[in-house]
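Work through the exercises below with the model open. Try each task before reading its solution.

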Amino acid sequence: MNNLGEKVRLQLAHADLTIRRHPKTFSAIVTAILTFSGVTAFGVAPLSMIDSTPKNVQTVVETVTPTGLDEQAEALAEYEMLLHRTDLTRSTDTADTLLRRLGVSDTEAAQFLRTDAVARTILSGRPGKMLQAVTESTPGGGQLQELVVRGPASDSAQVGTHFTRITVRRDDAGLKAVSEQLPMKIETRTGAGTISSTLFAAADEARLPDAVTSQIAEMFGSDIDFRRELHKGDHFSVVYEAMTADGEPVTWGTSSGRVLAARFVNGNETHEAVWFQEPGTKGTYFSPDGKSKAKAFLASPLAFSRVTSGFAMRFHPILQTWRAHLGVDYGAPTGTPVRVVGDGVVDFAGVQNGYGNVIVIKHSGDRATVYAHLSRIDVRKGQSVSQNDTIGAVGATGWATGPHLHFEFKVKGAQVDPMQIARAAQATELSTAGRARFDVLSRKLQEQLASAERDQATRSASASVPRRQRME
């Protein structure tokens with residue numbers, strides 16, 4: 001027995017020493033044993049052993065009284081909250097309706113807008129001025145604290161470079177109005193879109209200003225017939241200048257400046273253009289290979305607009321017969337300016353039967369252009385004109401069923417497709433010295449175009465993912 005007791009004592013001592021040397025290992029072993037034992041016990045326990053006897057549940061209700069609510073309510077009542085609202089002026093605005101729309105209930109402010117010489121100019125002129133009002137937060141509208149209005153420059157010579165800021169502010173002495181003329185700033189922005197129906201619809205989806213859309217059409221007007229050659233899935237990207245007033249895009253006149261670069265993928269063809277100006281010359285657009293996009297003839301006598309019919313056979317609306325329509329009809333409102341597509345001399349300016357008021361321009365190389373159904377003629381026979389000069393306005397004179405411009409291009413007396421002439425016109429190239437500077441600028445702008453395309457692709461991919469999946 002003594003030997004057996006001694007052996008047990010030695011084994012226990014050895015085990016104790018092992019545990020002291022490897023405590024973590026021992027703990028892990030014990031945990032594993034307990035875990036597996038628990039699982040096994042759970043797995044073999046019969047359902048009859050589960051106690052399903054309902055337990056008594058006791059509900060305890062206590063009344064809690066928050067403290068300090070009165071003090072907090074008084075502190076909030078004394079805290080002055082200010083509300084900021086933005087809007088645009090409307091043609092129907094009066095002092096009362098404008099302030100009411102901005103959440104202002106202030107008879108003194110309304111009277112001030114009607115009588116103060118500076119404040120009265122807020123409601124004068126064209127609508128679309130930017131409004132920012134600060135008022136006290138009170139039920140039914142608060143008292144006006146500040147009203148900032150940004151609109152066109154008062155000097156017509158500065159409309160494209162400056163803006164007017166009128167500030168109406170309340171101080172201890174009452175309301176005061178100050179008017180300032182400040183320079184607009186130019187910010188470079190990018191955009192991209194994909195054609196699903198029309199160029200303007202795609203540009204609207206990309207939130208591009210109309211002026212930018214029109215410039216894109218002008219830039220590529222000799223490369224793409226936007227009347228007949230757009231395809232679903234065509235896409236474009238653009239880098240352009242945005243005019244801002246105090247950091248906000250202007251809402252009146254032209255809200256954008258010049259398009260600096262653009263890329264348009266039409267079917268299997270990619271067209272690119274970059275704005276560049278060599279010292280001592282007039283700036284224009286060039287393709288990446290250094291060739292000018294400016295041609296001897298414009299593709300259209302109107303700024304980009306809806307076209308009602310192309311160079312083809314048509315059913316004549318007056319004569320009620322099918323006949324060749326050897327020209328292009330551009331639907332546009334009466335009074336829309338008509339421009340000459342190339343340098344030349346006025347050969348005729350007057351009335352001709354079904355053409356109504358018509359102008360004929362002679363160009364070099366036995367070429368001539370015809371502008372018919374005009375509401376107004378602004379040139380005279382024998383007058384020299386330059387490309388893009390305004391020569392008249394759209395109308396509905398002669399055999400016209402509605403306001404539009406009928407345009408023809410003739411070579412040696414025979415009508416031809418104006419688009420073919422515009423595409424065939426020769427383009428000038430950059431000088432050797434200017435080419436190096438152009439290449440540097442072109443690479444920088446093309447990187448921005450690529451970035452805009454990637455951003456647009458990311459947005460499109462995100463929009464195509466179902467909402468539930470995006471939330472998950």
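**Exercise 1. Which side chain meets arginine 165 in a salt bridge, and at what N to O distance?**

Solution. The side chains of aspartate 246 and arginine 165 meet in a salt bridge at 2.9 Å, N to O. Aspartate 246 lies in the loop between S7 and S8 and arginine 165 in strand S4, so the pair ties together parts that are 81 residues apart in sequence. A salt bridge here is a side-chain nitrogen of Lys or Arg within 4 Å of a carboxyl oxygen of Asp or Glu. Helices (H or I, at least four residues) and strands (E, at least two) are DSSP runs, numbered from the N terminus.

Before going on, note the basis of the values. This is a predicted model: local features need pLDDT of at least 70, side-chain atom pairs count only at pLDDT 80 or more, and totals for chains, interfaces and linings use all residues. Residues are numbered from 1 along each chain as its sequence is written, and side-chain values use heavy atoms, with hydrogens and water left out.

**Exercise 2. Where is aspartate 106, and what does its side chain reach?**

Solution. Aspartate 106 is in the loop between H4 and H5. Aspartate 106 is buried, with a relative accessible area of 11%. Now list the polar contacts (pairs of N or O atoms within 3.5 Å; within protein, one must be able to donate a hydrogen and the other to accept it, and residues adjacent in sequence count only if both atoms are side-chain atoms).

- At the start of H5, a side-chain oxygen of aspartate 106 comes to within 3.1 Å of the backbone nitrogen of glutamate 108.
- The backbone nitrogen of leucine 144 is reached by the aspartate 106 side chain at 3.1 Å.
- The side chain of arginine 170 makes a polar contact with that of aspartate 106 at 2.6 Å.

**Exercise 3. Which residues of helix H5 are buried, and what covers them?**

Solution. In H5 (residues 107–115), the buried residues are Ala109, Ala110, Phe112 and Leu113. Seen down the axis of H5, these residues fall within an arc of 160°, so they line one face of the helix. The arc is that of the directions from the helix axis to the C-beta atoms. Their cover includes helix H4 (95–101), strand S3 (144–152), strand S4 (162–171) and strand S5 (174–183). Contact means heavy atoms within 4.5 Å.

How values were computed. Buried < 20%, exposed > 50% of the residue type's maximum accessible area, 1.4 Å probe, protein only.
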